[in-house]
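I opened this notebook to keep track of what I looked up, one entry at a time. My entries go from the overall fold to the ligand and then to the charged pairs.

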Amino acid sequence: AHRPLSGQKAIVTGASSGIGAGIARAFARAGAAVGINYRSGRDAAEALVEEIFREGGEAIALGADVSDEAQVQAMFGAFLGAFGRLDILVANSGIQQDAPFAEMTAAQWRRVIDVNLTGQFLCAREAVRTFLAQGAASDGPSRAAGKIVCMSSVHDVIPWAGHANYAASKGGVAMLVKTLAQELAEKRIRVNAISPGAIRTPINREAWETAEAEARLLALIPYGRIGEPEDVAEAAIWLASDASDYVVGTTLYVDGGMTLYPAFRGNG
Ligand code: NAD
């Protein structure tokens with residue numbers, strides 16, 4: 001099989017569930033050794049590690065709250081202790097705490113910004129420190145000295161009533177990614193983002209679990225189906241591999257056309 005991440009070492013945050021689990025599984029099949037970060041989903045993370053081992057891959061589970069600086073540093077230390085180097089970070093952990101704006105508490109605002117935005121800052125900073133300490137690209141298994149893929153959302157461009165904290169966090173991620181990419185390209189570190197549309201995971205269960213909800217959701221998706229974690233995983237493999245070696249600071253929308261103003265269809 002084609003193994004575009006052969007010999008590479010990757011941390012995927014929030015990999016106990018949903019998109020992160022799909023990426024971890026796909027990365028292992030693509031040849032990477034994978035650190036499977038989780039916050040509360042220890043059993044799910046351990047089960048995924050075992051699944052990857054059964055398929056002949058390499059993985060470890062890494063418990064850490066990505067919004068906690070000390071826990072993030074300990075997680076990178078544990079990963080490097082196990083695998084010796086780092087080539088790829090997928091900063092994927094994210095949460096929603098939804099509320100009409102007038103009712104949103106400061107705690108809801110802070111928690112979503114802490115996990116979705118500060119968590120990506122903390123993980124990206126540890127990854128960059130590791131990439132820089134590892135030195136020249138020629139020593140590593142890929143052309144770049146390191147790759148970072150940040151999980152954003154179509155809500156980095158589509159406003160989302162009732163989700164001001166989430167949309168603000170993802171707008172922040174989009175600009176964090178571009179700035180890091182601009183700053184770090186000369187160090188041969190590539191930073192890019194994926195903005196998924198509606199992907200079938202626990203985070204948005206109420207948007208697809210009944211037929212009525214699914215129909216409302218499908219009206220927003222020109223391609224006519226809800227996305228699966230594997231759709232995002234394929235994009236992540238590409239952005240993490242040498243196939244995208246000249247791709248720096250871009251956001252790849254994996255959304256079945258959700259960002260194409262679908263309400264304008266048929267209004268010509
Ligand atoms: P999910 O709820 O299935 O997974 C979220 C993951 O983040 C879990 O593994 C969880 O343990 C982890 N997590 C939560 N808080 C954490 C913390 N403090 N520290 C470490 N890990 C933590 O949801 P998902 O849909 O797989 O979401 C993954 C990412 O994709 C998120 O950033 C989300 O915003 C983004 N996203 C999802 C969709 C979608 O439609 N599902 C669309 C756009 C963007």
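This is a predicted model: local features need pLDDT of at least 70, side-chain atom pairs count only at pLDDT 80 or more; totals for chains, interfaces and linings use all residues.

**Entry on the fold**

I looked up the secondary structure and found seven helices and seven strands in the protein. Reading from the N terminus on, I get the order β-α-β-α-β-α-β-α-β-α-β-α-α-β. I then asked what radius of gyration a compact globule with 268 residues would have, and the answer is near 18 Å; the protein has 18 Å, which agrees. Along the principal axes, the C-alpha atoms fill a box of roughly 55 × 40 × 40 Å. By the cut-off above, 51% of the 268 residues are buried.

**Entry on the ligand**

Which residues come nearest to the ligand? Among the 30 residues around the ligand, I find that these are Ser17, Ile19, Asn92, Tyr166 and Thr201. Sorting the shell by class gives me 13 nonpolar, 13 polar and four charged residues. I also checked which helices take part, and helix H1 (18-29), helix H4 (106-134) and helix H5 (164-184) each supply at least two residues of the shell.

In the side chain of Tyr166, an N or O atom is 2.5 Å from an oxygen atom of the ligand, and a polar side-chain atom of Ser93 lies 2.8 Å from a nitrogen atom of the ligand. Ile199 takes part through its backbone, where a polar atom is 2.8 Å from an oxygen atom of the ligand. As for cover, the ligand has 820 Å² of accessible area on its own, and the protein covers 92% of that.

**Entry on charged pairs**

I keep one general point in mind here, which is that side chains of opposite charge can pair when their charged atoms come close. How many salt bridges does the structure hold? I find 13 salt bridges, and I followed some of them in detail.

Arg25 pairs with Glu51, and their closest N and O atoms are 2.7 Å apart. Since Arg25 lies in helix H1 and Glu51 in helix H2 (residues 42-54), the pair ties together parts that are 26 residues apart in sequence. Arg25 counts as partly exposed, because its relative accessibility is 25%.

In the salt bridge between Asp65 and Arg111, the closest N and O atoms are 3.1 Å apart. Asp65 lies in the loop between strand S3 (58-63) and helix H3 (69-83), while Arg111 lies in helix H4, so this pair ties together parts that are 46 residues apart in sequence. Is Asp65 buried or exposed? With a relative accessible area of 15%, Asp65 is buried, whereas Arg111, at 24%, is partly exposed.

I also looked up Arg200 and Glu214, whose side chains meet in a salt bridge at 4.0 Å, N to O. This pair links distant parts of the chain, 14 residues apart, with Arg200 in the loop between strand S6 (189-196) and helix H6 (211-218) and Glu214 in helix H6. Arg200 has 29% relative accessibility and therefore counts as partly exposed, and Glu214 is partly exposed with a relative accessible area of 26%.

Key
Residues are numbered from 1 along each chain as its sequence is written. Side-chain values use heavy atoms; hydrogens and water are left out. A residue is near a molecule or strand if one of its heavy atoms lies within 4 Å of it. A polar contact is a pair of N or O atoms within 3.5 Å; within protein, one must be able to donate a hydrogen and the other to accept it, and residues adjacent in sequence count only if both atoms are side-chain atoms. Accessible areas come from the Shrake-Rupley method with a 1.4 Å probe; for residues, only the protein chains shown count as cover. Helices (H or I, at least four residues) and strands (E, at least two) are DSSP runs, numbered from the N terminus. Ala, Val, Leu, Ile, Met, Phe, Trp, Tyr, Cys and Pro count as nonpolar, Asp, Glu, Lys and Arg as charged, and the others, Gly among them, as polar. Buried means under 20% relative accessible area, exposed over 50%, partly exposed in between (1.4 Å probe, protein chains only). The radius of gyration is taken over C-alpha atoms; the globule rule is 2.2 Å times the number of residues to the power 0.38.
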